[in-house]
Amino acid sequence: MRNKDMRMKNIIVAPSILSADFANLERDIKKIEHAGADWVHVDVMDGRFVPNITIGAPVVKSIRKTTKMPFDVHLMIIEPIKYVEDFAKAGSDFITIHAEACEDNLDETIDLIKNFGIKAGVSVKPNTPVEVIKKVLHKIDLVLIMTVEPGFGGQSFIRECLPKISEVRELLEKENLNHIYIEIDGGINAETAKLATSAGANALVAGNYIYSAEDIPKAIEALR
Ligand code: DX5
Ligand code: ZN
């Protein structure tokens with residue numbers, strides 16, 4: 001029954017602009033907005049937490065003017081607590097940090113995000129058990145389960161991560177915390193989206209699948 005319920009509920013689609021043309025960010029953000037996307041997923045990488053460097057708060061601030069869609073900012077950086085203020089002031093609606101990057105200050109980093117009146121998310125890499133987020137569940141808005149090793153777009157979905165989605169969904173049901181989004185990121189296409197939403201995910205990040213589609217509205221619909 002649960003699978004059917006989840007498929008019927010609204011599924012958030014958050015295209016990742018990592019796969020957009022960085023010389024045409026405004027055009028590519030408007031493209032997904034007109035195609036029916038819900039959130040803009042912004043991948044921030046520092047070359048330390050992950051082996052790749054992308055964009056920082058000044059770019060988020062600039063593209064903030066191009067759309068009213070919520071900005072779902074995924075910080076793949078070490079010591080995210082140092083940069084929460086910058087990304088908050090740049091216009092983020094969600095700031096998601098990695099549990100692995102906050103071993104000593106997960107609580108404080110979440111509190112800081114919430115103090116800016118922003119929704120807080122916590123992410124886990126494929127090999128990190130969801131256990132680490134249990135103690136902060138009561139104060140977050142989103143759990144981001146990575147289904148690829150963070151760092152690059154266009155990788156293949158790691159199916160072994162599916163049980164973690166079900167585990168979090170069961171936990172949220174048990175604790176009566178179903179308002180928390182379960183977001184999945186990495187290797188999402190129409191087929192893997194189905195697996196993820198059946199396991200209990202309700203927010204899907206997709207970069208390559210959406211931006212390489214001939215018909216973006218159709219691709220977004222296919223994910224839902
Ligand atoms: C990976 C990023 C993802 C990535 C998704 O480190 O967090 O958001 O852009 O890209 P696809 O959908 O192409 O796997
Ligand atoms: Zn991401």
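A contact is defined as heavy atoms within 4.5 Å. In the predicted model, among contacts of the protein chain between residues at least 6 apart in sequence, 67% join residues at least 24 apart. Residues are numbered from 1 along each chain as its sequence is written, and side-chain values use heavy atoms, with hydrogens and water left out. Because the model is predicted, local features need pLDDT of at least 70 and side-chain atom pairs count only at pLDDT 80 or more, while totals for chains, interfaces and linings use all residues.

The protein chain contains 9 helices and 8 strands, taken as DSSP runs (helices H or I, at least four residues; strands E, at least two) and numbered from the N terminus. Along the principal axes, the C-alpha atoms fill a box of roughly 45 × 40 × 30 Å. Buried residues account for 53% of the 224 residues, where buried means under 20% relative accessible area, exposed over 50%, and partly exposed in between (1.4 Å probe, protein chains only).

The predictor's confidence in each residue, pLDDT, runs from 0 to 100. The protein chain averages 96, and 96% of the residues score at least 70. Over residues 4-8, pLDDT stays under 50, and the model has 12 contacts beyond four places in sequence for this segment. Where pLDDT is low, the predicted coordinates should not be read in detail.

E79 is partly exposed, at a relative accessible area of 40%. N176 counts as exposed, at 64% relative accessibility.

V124 belongs to strand 5 (residues 119-124) and is buried, with a relative accessible area of 0%. Leaving aside residues up to four places away in sequence, V124 touches H98, A99, E100, P129, V130, V132, L144, I145, M146 and K164. V124 and L142, 18 residues apart in sequence, are separated by 11 Å from C-alpha to C-alpha.

Notes. Chains are lettered from A and ligands numbered from 1 in the order in which they are written.
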